[in-house]
Amino acid sequence: MDAATKVEMQPALSPGSSCPGPEWPEQERADQLARGAALKWASGIFYQPEQLARLDQYRSREVQRTCSLEARIKSVVQSYLEGVKTGVWQLVQAHEAVQGAREALGQVHGLLRSMAEATQDLEPLREQVAQHKQLQALSQLMPRLRAVPAAVAHTQTLIDAQQLLEAYVSLQELEQLQEETWAPLGGLEVPVFEGLGPLAEALGLAVEAAAGAAGKLAREDPALLVAAMRVAEVDAGRTTSLGQAPRDWRQRCLRALQEGLEKTHFGRPLLPGPGALAGWLEALQVALPAELATAEALIAPCCPPHYKVVQLWAHTLHGGLRCCLQQLLKGPELVAADAFTLLHWALHVYLGPEMMGSLELGPEADVSQLEPLLTLENIEQLEATFVAKVQASVAQWMQKALDGEVAEWGRAQEPDTDPSGFYHSPMPATVLQILEENIRVTSLVSESMQQRVHGMALSELGTFLRSSSVSVLQSDGVASGVLAPVETVLDELQRRICRLVLEALLVELQPLFAALPSRRWLSSSELLEDVCERTARFCRDFQRVRNPAVQLLLAEAERTVVLQYLRALMQGRLVCRGADERTKAAERLKHDAAQLRELFLGLGLKESVQCAPVLLALRELLNLRDPTLLGLEVAGLRQKFPDVSEDHISALLDLRGDVSREQRLAALISLQALPQPSPPACHRALFSLVPAPTPTPSSCLPSGSCA
């Protein structure tokens, strides 16, 4: 196909026309697909030359198809134009109808305006008609309204005469008349009924007053109490059309019952003086059960069952008493007796069988499930107050007793003795008896209070010497270690007293030990005999002291003598000149140890607690023949007496007089190399209480204390 033929086959556009752009992408795509399909169809038809002969035929067919489409389009457009014409005609008809309705509404509005003006002209007539109706009703009720003031006065007279039922009936009639008058008069308030409000309040007060005096009326005038209760109950079901609030006389009666009961028993503030609280509680112990019995026997039959009078009485009395006690505890601090009485009464008596837990009272009187009279904080406060007051009192009494005891023992005459001949004072037994009695009494209140007083008693015993009677204060269930701190304090106090007693012995012995050791000491036992004589004379008075105190005194006396002996040996007053003097010194130590042992055995001191055997250990150190074995001997001494120091060993080696510097250093080095032994269970310090002279630098170890 040539180019001219292809140009002729393309569809031509009308002059001046242009291909409008697509209004949306889908239209453009559809247009492209249509053009592509047309070109494809034309190319398929006219691709071969023999098809060109049928070109006119195809053109004619297309012209017919085009005419058919135009005819159909004209038909559709004509149909649409006819519909539009019909719609326009209908719109014209609707507009005319709306215009007619608007004119009709305007006429109606004018008519309504004229009718409103007519109604305003008739308003005075309407008011006159309403007034005429009210006057007509008022004229009909006038005879009854004229009797209202007299009925009000009569009702007040009935109230004053305590005729409560009659007064309430009269009040109801007046209120009924008020309701009947209110509707016909259109809610108009009639002045004649202004007194009904105060009249009803006066009747309510009378009912409330009767309920408040229920206890008295139940005995003297039960009919009045019953009338008051009936009025309150009938009024509880009262309804009114006047929109008045309910009077709620039933609740007022219940409050009056409670307030009257509280006023009877707890109306006055409780500020009892010291000791007066017990009498007040005893009076309540009688009054409260009697009040509950009265409520059950007399008051409950006068009241409706749903009042639960006995339960109300029990709860009211319990609450009033609780508040009263709370106010009491907020006031001045109670004395010890009042605190104890209140605790015992509240915890044991109040709920006990002799009071609120009595079998004669019914189950409605049970208050065990209510809040307790005393809170845990109240109990803690009262227990602390009681213990503090008792402790102050005991401390003051014990101080006076001690002052009196000091004055008694300070007299010129000999102290009192018991049948066995021992010095005797009744004060410890009296103190223990008082403390034990306080502990026993507090067990009646609570275990916590008993433990508090028990601890207080143990703390106060720290000012006394230990007695074999202390065990009576150890109550059942208390651990044995509780007394350990007290015993420790008492033991230390006894030892301090022993040291004070033995200071006089020390003053006598110090001049004698000033001459020991010496050449005279080596050759004679006279020095130690003087020591034993004065010691025996001093300790003779210990025979009037009971065990275990006498054993402690003798043990401390023997220890004092031995310490003075050791102190004298460490002073370096004597240096042995040879083996003969070392042998004499060793024998003297052996003899002196035996003499001291016999002395204190004769005085009654057990051998197991004596300290004199230390002299025998020192004798072995002096009696050693070979100085090269000093290390072993020193180690043995350290094993027996762990508190012996290098300075003590050095002083003892100086006493030997035959130890070279090398031998001394070897003995001290062997001592230093030994581990520190644990002291025996019954060990008592000796060497640590004996000062040793500072050795010369030539005899010190490089790491020693004098280096």
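This briefing walks through some helices, a surface patch, aromatic pairs and salt bridges in the structure above. Please keep in mind that the model is predicted. A search of the whole structure finds 23 salt bridges, and the count of aromatic pairs comes to 6.

- Helix 4 covers residues 148-160, which makes 13 residues, and it reaches 18 Å from its first C-alpha to its last, close to the 18 Å expected at 1.5 Å a residue.
- The buried residues here include V148, V152, T155, L158 and I159.
- Looking down the axis of helix 4, you would find its buried residues within an arc of 120 degrees, so they line one face of the helix.
- A150 and D160 sit on the other side of helix 4, where they are exposed.
- Just after helix 4 comes Q162, with a positive phi of about 60 degrees.

**Helix 11, an enclosed helix**

- Helix 11 runs over residues 309-330; its 22 residues should span 32 Å at 1.5 Å a residue, and the end C-alpha atoms are 31 Å apart, which agrees.
- Of those 22 residues, 16 are buried, so helix 11 is largely enclosed by the rest of the structure.
- R322 lies in helix 11 and counts as buried, because its relative accessibility of 18% is under the 20% cut-off.

- L69, I73, V77 and L81 make a nonpolar surface patch of about 370 Å².
- One of these residues, V77, is found in helix 3 (residues 55-146).
- V77 has 41% relative accessibility, so it counts as partly exposed.

**Aromatic pairs**

- F340 and F386 have ring centres 5.6 Å apart and planes at 35 degrees, so this pair is tilted.
- The pair links distant parts of the chain, as F340 is in helix 12 (residues 336-349) and F386 is in helix 13 (residues 376-409), 46 residues apart.
- F340 is buried at a relative accessible area of 16%, and F386 is buried as well, at 8%.
- F538 and F542 form an edge-to-face pair, with 6.0 Å centre to centre and 85 degrees between the planes.
- F538 is buried with a relative accessible area of 17%, while F542 counts as buried at 6%.

**Salt bridges across the chain**

- D235 and R247 meet through their side chains in a salt bridge of 2.8 Å, N to O.
- This pair links distant parts of the chain: D235 belongs to helix 8 (residues 222-236), R247 to the loop between helix 8 and helix 9 (249-266), and they are 12 residues apart.
- Both D235 and R247 are buried.
- R322 forms a salt bridge with E371, and their closest N and O atoms are 3.6 Å apart.
- With R322 in helix 11 and E371 in the loop between helix 12 and helix 13, the pair ties together parts that are 49 residues apart in sequence.
- E371 is exposed, with a relative accessible area of 52%, whereas R322 is buried.
- R619 and E587 meet in a salt bridge of 3.4 Å, N to O.
- This pair also links distant parts of the chain, with R619 in helix 21 (residues 613-623) and E587 in helix 20 (residues 579-603), 32 residues apart.
- R619 is buried, at a relative accessible area of 14%, but E587 counts as partly exposed at 37%.
- Salt bridges that share partners join E175, D235 and R247 into one network.

Methods
Residues numbered from 1 in each chain as written. Predicted model: local features only at pLDDT ≥ 70, side-chain atom pairs only at ≥ 80, totals over all residues. Heavy atoms only, no water. Helix = DSSP H or I, 4+ residues; strand = E, 2+ residues; numbered from the N terminus. Expected span 1.5 Å × (residues − 1). Buried < 20%, exposed > 50% of the residue type's maximum accessible area, 1.4 Å probe, protein only. Patch = residues over 30% accessible without salt bridge, like charges linked within 9 Å, V, L, I, M, F, W, Y side chains within 5 Å. Areas by Shrake-Rupley, 256 points an atom, 1.4 Å probe, with all protein chains shown as cover. Salt bridge = Lys/Arg side-chain N within 4 Å of Asp/Glu carboxyl O. Arc of directions from axis to C-beta. Phe/Tyr/Trp six-rings, centres within 6.5 Å; stacked < 30°, edge-to-face > 60°.
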